[in-house]
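This report looks at how the chains of an assembly meet. The sequence and structure come first.

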Amino acid sequence: MMLQLDNVTKVYKVGAFGGKTFAAVDGVSFDVRSGEVVSLIGESGSGKSTIGKMILGLTSITAGSITVDGVPVKAAKEYYRHVQGVFQDPFSCYNPVFKADRVFQLIKESYYPQVSAAEWDGRVRSAIEDVRLDPGQVLGRYPHQLSGGQLQRLLIARALLLDIKLLVADEITSMLDASTRIDVLNLLAELKERGLGVLYVTHDLSLGNYLAERTVVLRNGTVVEMGLTDKVFGDPLHPYTRKLLAAVPRLNAPWEDAEPTDTCHYHAGGASGALFEADAGHFVACARFDGCPR
Amino acid sequence: MTAIQETPAQDVAAGAGVRREALYFAVRNGKLLVGFGIAFLLFLLGFAGPLVLDAVDPNAYGTKPMSPPSGEHWFGTTTFGQDVFSQFVYGLQTTFIVGALGGGIAAVIAMAVGFTAGYRGGLVDEILNMFTNIVLVIPTLAVLLIINAYLGVRSVPAQALFIGLTSWPWAARAIRAQTFSLRTRDFVALARLSGSSTRRIIMREIAPNMSSYLFMMFILLFGGSILIASSLDFIGLGPTEGISLGLMLQNANQWSAMQLGMWWWFLPPGAGITAIVGALYVANVGLDEVFNPKLRET
Amino acid sequence: MRQYFGRKLLVYGLTFFVAVTINWMVPRFMPGDPVSSMVARAGVSNPGAVETMRTYYTNLFGFDQPLWKQYANFWAALFQGDFGISIWVFPTPVSEVIMGAVPYTLGLMIPSVLLSWVVGNWAGAFAARRRLLDNTVLPVGYVLTAMPYMWLAVLLAWGLGVVAGIFPVAGGYSFSLQPSLSVEFVADLLHHWVLPFLSLFLVALGGWAIGMRNMIIYELESDYSNYLSALGAPQRLIRRYAFRNAVLPQITGLALQLGVLVAGALVTEIVFSYPGLGSLILKAIQNQDFFLLQGTFMFIVLGVLIANFIIDIVYVVVDPRTRAGMAGAQA
Amino acid sequence: MSLRVSELRVYYRTLKGDVKALDDVSFTMRDGEILGLAGESGCGKTTLGKSLIRMDGRMRHMGGTVELDGRELPIGDDRRMNEFRFHEVSLIPQYSMSAMNPTRKIGKMVGELLGSRGVALDRAELESRLDLVELPRKVLGNYPIELSGGMKQRMVMVISTLLNPSLLIADEVTSALDVSTQKAVAKALIGFRDAGFVKSMIFVTHDLALTSHIADTIMVMYAGKLAEKAPAKVMVTAPRHPYTKLLINSLPEVGVRHADKKLSGIAGSPPSLLDPPAGCRFRARCPVAGDECGQEPPVVEVEPDHFVACWKA
Amino acid sequence: APQGSQAGSAPAAAPGDGGALPRNETLYTSGTQWGPPANFNPLREWDYATGTEGLVYESLFHFDGSAGKMVPWLAQSGTWVDDKTYELKLRQGVTWSDGKPFTAKDVVFTFELGKMETVPYHNIWEWLEKAEAVDDQTVKFTFSKANYQEWDFQMYSRAIVPQHVWQGRSEQEVLDGKNENPVGTGAYTYKSHDQDRVVWQRRDDWWGKTGLNMEPKPKYIVDIVNSSNEVAMGLLLQKGMDLSNNFLPGAANLVKGNFGITTYYPEPPYMLSANTAFLVLNTTKKPMDDPAFRKALASSIDTKKIVEGVYGNLVKAASPTGLLPQWEQYIDQQVVADKGFSFDTAKAKKLLADAGYKDSDGDGFVENKDGSKIELDIIVPSGWTDWMESIRVIAASAKESGINITPDFPDFNALVDKRSKGDFDMLINNERQLSNTPWTYYDYMFQLPVRKTQNTVNFGRYENKEIWKLVQELDQVKTDDAEGMKQVMSKIQAIHLDEMPIIPLWYNGLWSQVSNASWTNWPSSVGDTPKTPPTMWRNWLELGGFETLTQIKPAS
Ligand SMILES: Nc1ncnc2c1ncn2[C@@H]1O[C@H](COP(=O)(O)OP(=O)(O)OP(=O)(O)O)[C@@H](O)[C@H]1O
Ligand SMILES: Nc1ncnc2c1ncn2[C@@H]1O[C@H](COP(=O)(O)OP(=O)(O)OP(=O)(O)O)[C@@H](O)[C@H]1O
Ligand SMILES: [Mg+2]
Ligand SMILES: [Mg+2]
């Protein structure tokens, strides 16, 4: 078990002088093992990115703990040697005034200052080839001269230059065209085969389903359902999960017009409380599974 | 009075291709060329002029007081027979120095405050913001008057320092706003994931992205410093040694140039200031147009 | 809403506090001693008399008390509108001296600031995206903003006053008149007011015109303008909307510029010997009248703060975005 | 035939030359038809949408005609086009979130907008349409900022269709929304068509799956040209153009797992529109390309209502 | 309290009659008042609204500078009954502006006010024993020591205040009171004032109409507060002002340029001389403690350049004795010829060399005898432009002689502070005006003892008991004893020129530019015009300024 989230909570202060608080993530616990893709699914604002950022040390954790191989998150060089992230918008990940390969340069400056330029160049090229790009085509170019897919893959190559164990991929495909999107997804799948743990954040259920061993469904900062992907998608227990699934447009099947009728209090946010194991490896936070009188 | 009042956060991120495009528009932008052209000519006159002028001391008394412009005295002479042209040339120099120093100091403070507040956010931001607002609301000329009157430090660098210390707030606010929007860009997060320190991120990731903006800001601070300095000079809080365009105006006024019909005494210094500041402002619009496609006339 | 104003008030309160503190500190920690200069002015040489006067003035100005107490007294006096006694116009209270000057400064500032703002915005909006006008309004605007206040003032005084002789170049009203409500006096007052007003008005005008021009270009390129154009709305409507939205930042701009405008007014008053605060400040400086200088400074700070506060309120009234933002926008 | 676009060419003027964003595009639409317009980013979808209502400063109409309900649209002439806008052609822009004047109450803005087009505001009608998209009536008294993204989207939808235009262009109106909101908006669009508020609609998206639910006909573009146009059902089940095929194959469906079935994307990237290659523009990425592809493939109606621009189709 | 009904009840500006003052009856003047009229308290001699004394309050005598004699005013006559007793006969029929008669009691009351420590003439009680009213018209002063010179000065300087109004005022009120609506014996009363002006109105029941057979011509006098010289010049040129007592740079051009402006002399120096600008040396500091150095310094200064360059000939170079032209008769020309100095760089260098000041390190400047560097500052208040220019000239010309002097411009306050504490090298000062006696000058130059702070006199802290004794001796010479005065003064001049503790530079002018547009017959050196001083300056109304007002004529 390499990434472990234990009752993680993130409270943002909003309003002038932090007059009000707002819990973007509320008591979330799950884990990601080596060689596994866990997808984190939820609608906009459900707190997916916030969890990603906390894991990456880009934002503080209000309560609970996040550990990687038992080591708590720390926004320090050593931590980033093993934990890296790739973000949603490939264009905004590159400083537009510099050439795209500067992202590699930054890694070298921080982690491998002693490596010779030539050797480094070799490493970069092989990493780029690993993500199935042609180094000749992408090196020495400005970000706007490259496509989104290329940029996104360069970012993964950048992470590969380090000795990473965990990759947080936050909606890395939502800005990409369908045709390039699948290449990036396949790449993530390969990483997993190499033994990396991947946390794949998305709001596109079909993509999560395509890739992940396990799925965590998030709503208003709390986990409503989680478990093996097959089970969550095959037998969604929580009404919210069902509603989400029903809304996904499928190519060959019409929209399921039937909205879930048995709506309960799920819309009341985290009120539904604790997770119950409804099935082996399939947890749900729903009153129906808690001997609720209804 | 600036073109960069808080403009809606513009897309400051200019890519290299955009840079090339910017250059393309820069050399075709009339405002930019005329603006910088005039400013540069005056700069040359101010710094190369003294080398070719024979008058060593622009304040030296001459033999022909109060004479109108002539071949001998291009801009005429003062009540004391001082050559107005020499004074003008030396005055330009001082004016540029005040502008550069004052503008520079203000820019440095503005950047320090703006970047820190914008990048750090949170409490640091609240405090710096409060501080900025305070300095912004206090009428700085009045403070300058008070401090200057009491301290009586009357040299060009001291004057520039005062100006620099008080004229930065609007720029800090603008930088803060820009930094705020840049800070959320993913490349900043990525730089952190690459182990860069905060300072480094500000200097190497954020600042380069706003270089055009910073440059424009400096120009405005530069012009502003010149105007403030001329006001101070005029009120009699200028440097006591040497000459500046503001001092020339003050002298002309004190020695009744207007009433005595010595227009050649008070016209050039004011025109010089107007020309420098105006040229810089015009160049600034030019730059704005170059960097901001929206402003270009299509 | 309340929080917004609470925050503003905090800033203003702090500003005021800082200003008052600076103001209190400066004469006490700077070289030169008001008591000495009072005594020196009196030209008393007898050592006994010197001592008596020293003690007397030290008492009068409260310099004999411990610093913290002086500071506390300063605040206490301030709240009673007591700025001390002017040295230059001894023994007139500073507040009285200032009150004599304030109507002139306000009479100059308020019309010139408001009118230049209105006319400047109008001109800028009118010029934006109209090539021909833009090419005239813009350069004229730049020349105007780049002019040192006093120079424009001198030019006007010279051209319209000395050479053309149309307007008087100094003073608030003719020396042959005494203030009254007669038509003659009011006309004379206005006659003297024209040039200082004009120079303040013109310099500020350019800045507003340019600011507005730039703002409105942004607005005309904005999404809502595009949407309206796509729906075939006439330019009239689009411009009206753009103008309204572009004016909002200009209102904030006004707040930002107040300090500068005050400075401009001071310098202009000096050129025209207009009997307002500017001339008063100059005299206070020249005569080392600490108390008067402090008083005028206090007055200006208060004025700017109040004006800023009014602008803040106006801003909230006209921009729904701030209101919604403050209420915590519903999702 | 409500809309007939023939040989439309629209270029962007840039420093480096003309970007041929729409190069010889022809198609037709029937009354009541919803046309889904899909394709990779940059293929010219937005350009087509804009061309039909209002070109921006850099766009140039280089040729071709557009006929709506039998009248030719003067698309290159901003002034003459005005009478058609809103009344005949309307638009839900990509930027719906910021399409309303932030400082005007929505109701007031609508009134002023209609007034400026010489139409009186029919309050009852407006309110009934709000009901249709499930917006509370009080939104008219709100400022745009007080609405959520989805609400704004629907509000703009109502505004744009108030005059019952013949053609509505909806550009990426759902891309920024999450699945459930997306579904609601999409249904509302269909509802509008069904209610006759708009005769026909072009629904621009890059999400083929979504468009297949809304559209009657799907048109796929590639690099400024039409690649394939077919009834929605046909398009997803039996595409003929190799590009469309690859595109559809690259879509993971719910239930498809990497471990079970490895999907693949389309290698390479679309050509630059600055200087597009001669012949078939997909040639370089096409797995079945042959010599004949050096010639530009004509758009052929391979089946009724099924058009394909490919030699191999 | 008796004064209660009078003081403090008047509004600042009298309600205007709305209409404009008639131009042909109004005199517009400026150059006297440097701040808003602050008070009308004649005892605040340094800042009362100018005219408070002279127009409203009057003195016992006036002094006619050109004739060098006292002119009886409120007094009919004054005589020394014996060496230590002075008897004053007052005029009959003089009334205060509130209608009460003026009597000997008022005079006694005024002098006794001086017993308050803070009253400016408190000093006289060191040698005045008592003042008593013998009857309504007679006052008798008894002295412990009779300082005749100084007494005459007091006689025309003191403004007499009405006992019935002032009685009972506390020391603080006397010192600080505004004395609104002043009640005086003078020819004018207060009409109104504003920040930038005071308006005086003629009293048609003034006693002098019959008593002196004089009548000031302007019905109204508008004294315009000086905002700046250029404003004054503007007003003058636009005929909005009749008499400008400002220093107007370029005034020579105005006179020459047919602007309708005249001055006392139609040629240089254009103005009468009013006071002497001295270079005050701090004699407690090295090397200014060395007479040889001081004399060398005196020779190194190019006064001509100041007179011509800075002032454009509006001033005259001063006599080495510093005595004003009006006192020329007292200058011992022989002493001046023997010991005087003039600008002579070569001589200055020689004097330095002879005294042992050598440039040992070759920087072009001489060093102290002990080899330490000489680096001197010369200060004038910042903003006093003509003086600022002048000390630049001084520094430059001293450098020619090898004396390293740097001009510096502290603020007035700081300068006053330094001056009174003796914390300066050298400065320019001109605080003493023309008076009835050169004694006032010498008192200013040499007064002893030197105190911790020197507020008004002997800023250079020059200690010379011998010369101070001579000055006191001069004080006790009777004012009609010109020969006696000359004798003492010749000795004083000899020591002064030998020691040179304070260097006279130039005579500041009695700045006066007049326009003849509305008022004519202004005093001038030419033709059949009055020779009185054309000025409204503080303390100058008693020196003949008032008489000028009675001589001018409205231009018809
Ligand atoms: N810095 C912040 N301060 C205050 N609130 C924040 C901050 N960052 C995020 N939030 C709020 O926290 C909630 C969760 O945000 P987060 O970005 O994690 O959502 P998400 O699930 O990633 O959504 P999306 O799919 O839109 O990316 C949102 O309601 C957001 O408004
Ligand atoms: N203002 C412009 N100037 C120059 N080229 C432009 C401009 N706008 C668009 N283009 C180019 O025109 C082509 C078509 O653009 P368009 O916006 O129509 O694509 P799209 O299919 O809508 O893409 P997306 O899915 O990203 O919205 C692209 O290659 C784009 O680079
Ligand atoms: Mg997110
Ligand atoms: Mg598009």
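What follows describes one interface of a predicted model, then the other chain pairs.

## Extent of the D–C interface

The size of an interface is often given as the accessible area lost when the parts come together. For chain D and chain C that area is about 2,400 Å², with 59% of it on carbon and sulfur atoms. On the chain D side, the residues that lose the most area to chain C are Arg54(D), Thr103(D) and Ile145(D), which together make up 22% of what that side buries.

Counted by residues, 30 from chain D are in contact with 25 from chain C.

## Polar and charged pairs

One salt bridge is counted between chain D and chain C. Its partners are Glu112(D) and Arg240(C), whose closest N and O atoms lie 2.9 Å apart.

## Make-up of the chain D side

Three elements of chain D each supply at least two residues of the side that touches chain C: strand E6 (89-92), helix H3 (106-116) and helix H5 (149-160). By class, that side of chain D has 15 nonpolar residues, eight polar and seven charged.

## Other chain pairs

Eight pairs of chains touch, and the most contacts among them are between chains B and C. Chain E does not touch chain A, the nearest C-alpha atoms of the two being 46 Å apart. Chain D and chain E do not touch either, and their nearest C-alpha atoms are 48 Å apart.

How values were computed:
Residues numbered from 1 in each chain as written. Chains lettered and ligands numbered in written order. Predicted model: local features only at pLDDT ≥ 70, side-chain atom pairs only at ≥ 80, totals over all residues. Heavy atoms only, no water. Contact = heavy atoms within 4.5 Å. Buried area = accessible area lost by both parts, 1.4 Å probe. Salt bridge = Lys/Arg side-chain N within 4 Å of Asp/Glu carboxyl O. Helix = DSSP H or I, 4+ residues; strand = E, 2+ residues; numbered from the N terminus. Nonpolar A, V, L, I, M, F, W, Y, C, P; charged D, E, K, R; others polar.
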